[in-house]
Amino acid sequence: MTITSDWERRSAELWASIDDHDPEDFLRRIDELAAELPDGHPVAVFERASALDSTGHSDRAVPLYREALRNGLSGIRRRRSVIQLASSLRNVGRAEESVELLTAERQQPSDELDDAVSATLALALTSVGREREAVSVAVAALAPHLPRYQRSMANYARLLMEPA
């Protein structure tokens, strides 16, 4: 089933209003929206996972992110799902798995979520005791956005990972 622009609009509006709903109401509304898609549709599964994650249920979100990916989630939602899955894994004490997922994701084609991948990886790296590498990843991701010192910061990030 093709997702309509109307469905996408209603989804975006609901997400934009998340703070206007208590968690249970928001989850119910996402479930209603997702139920408009066929059972097991990867976007529906992803939206449910995201809603659980956003309302403090990372443990319940993890299996749904995996299901969405297995069911063929594609496009920008696929990458969002990997980032969010990795973040949830870190939140439930499985940071090593998070690092593995995000390290692999950094090899994917570049897009507007590259910095989100790097930021999430930096957090996961701190959770596994690799703080120096985490700072390197974070500074390297930040460097291109600075009004000055881009080259210097990129070099400092690289030097953090070189042997003394």
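Q: Where does Val43 lie?
A: Val43 is in helix α3. The model is a predicted one.

Q: Why does Val43 count as buried?
A: Buried means under 20% relative accessible area. Val43 has 8% relative accessibility, so Val43 counts as buried.

Q: What does Val43 touch, not counting residues up to four places away in sequence?
A: Val43 touches Ile3, Trp7, Leu37, Leu73 and Arg77. Contact here means heavy atoms within 4.5 Å.

Q: How far apart in space are Val43 and Thr120, C-alpha to C-alpha?
A: The two C-alpha atoms are 22 Å apart. In sequence, Val43 and Thr120 are 77 residues apart.

Q: What makes α1 and α3 roughly parallel?
A: Two packed helices are described by the angle between their axes and the distance between the axes. The axes of α1 and α3 cross at roughly 5 degrees and come within 13 Å. Angles under 35 degrees count as roughly parallel. The two helices are therefore roughly parallel to each other.

Q: Which residues make the contact of α1 and α3?
A: From α1 come Trp7, Ser11 and Trp15. From α3 come Val43, Glu47, Ser50, Ala51 and Ser54. By class, this contact has 4 nonpolar, 3 polar and 1 charged residues.

Q: Why is α1 called roughly antiparallel to α2?
A: The axes of α1 (residues 5-16) and α2 (residues 23-34) cross at roughly 175 degrees. They come within 11 Å. Angles over 145 degrees count as roughly antiparallel. That makes α1 roughly antiparallel to α2.

Q: Which residues make the contact of α1 with α2?
A: α1 contributes Trp7, Arg10, Ser11, Leu14 and Trp15. α2 contributes Phe26, Arg29, Ile30 and Leu33. By class, there are 6 nonpolar, 1 polar and 2 charged residues in the contact of α1 with α2.

Q: What does α2 reach from its first C-alpha to its last?
A: α2 has 12 residues and reaches 16 Å. This is close to the 16 Å expected at 1.5 Å a residue.

Q: Which residues of α1 are buried, and how do you know that they line one face of the helix?
A: Trp7, Ser11 and Leu14 are buried in α1. Seen down the axis of α1, the buried residues fall within an arc of 65 degrees, so they line one face. On the other side of α1, Ser5 and Ala16 are exposed.

Q: What do the buried residues of α1 pack against?
A: They pack against α2, α3 (42-54) and α5 (75-91).

Q: Which residues of α2 are buried, and what do they pack against?
A: Asp25, Phe26, Leu27, Ile30, Leu33 and Ala34 are buried in α2. The buried residues of α2 pack against α1 and α3.

Q: Is Asp59 buried or exposed?
A: Exposed means over 50% relative accessible area. Asp59 has a relative accessible area of 52%, so Asp59 is exposed. Asp59 is found in helix α4 (residues 58-70). Its C-alpha atom is 10.0 Å from that of Leu85, 26 residues apart along the chain.

Q: Is Ser136 buried or exposed?
A: The cut-off for buried is under 20%. Ser136 is at 8% relative accessibility, so Ser136 counts as buried. Ser136 sits in helix α8. Leaving aside neighbours within four places in sequence, Ser136 is in contact with Ala157, Arg158, Leu160 and Met161.

Q: What is the phi of Tyr149, and where is Tyr149 found?
A: Tyr149 has a positive phi of about 70 degrees, although it is not a glycine. Tyr149 is in the loop between α8 (131-142) and α9 (150-160). With a relative accessible area of 55%, Tyr149 is exposed.

Q: How many helices and strands are there in the protein?
A: The protein has 9 helices and 0 strands. Buried residues make up 38% of its 164 residues.

Key. Residues numbered from 1 in each chain as written. Predicted model: local features only at pLDDT ≥ 70, side-chain atom pairs only at ≥ 80, totals over all residues. Heavy atoms only, no water. Axes fitted to C-alpha atoms, helices over the stretch in contact; angles between N-to-C directions. Helix = DSSP H or I, 4+ residues; strand = E, 2+ residues; numbered from the N terminus. Parallel < 35°, antiparallel > 145°, perpendicular 65-115°, else oblique. Nonpolar A, V, L, I, M, F, W, Y, C, P; charged D, E, K, R; others polar. Buried < 20%, exposed > 50% of the residue type's maximum accessible area, 1.4 Å probe, protein only. Arc of directions from axis to C-beta. Expected span 1.5 Å × (residues − 1).
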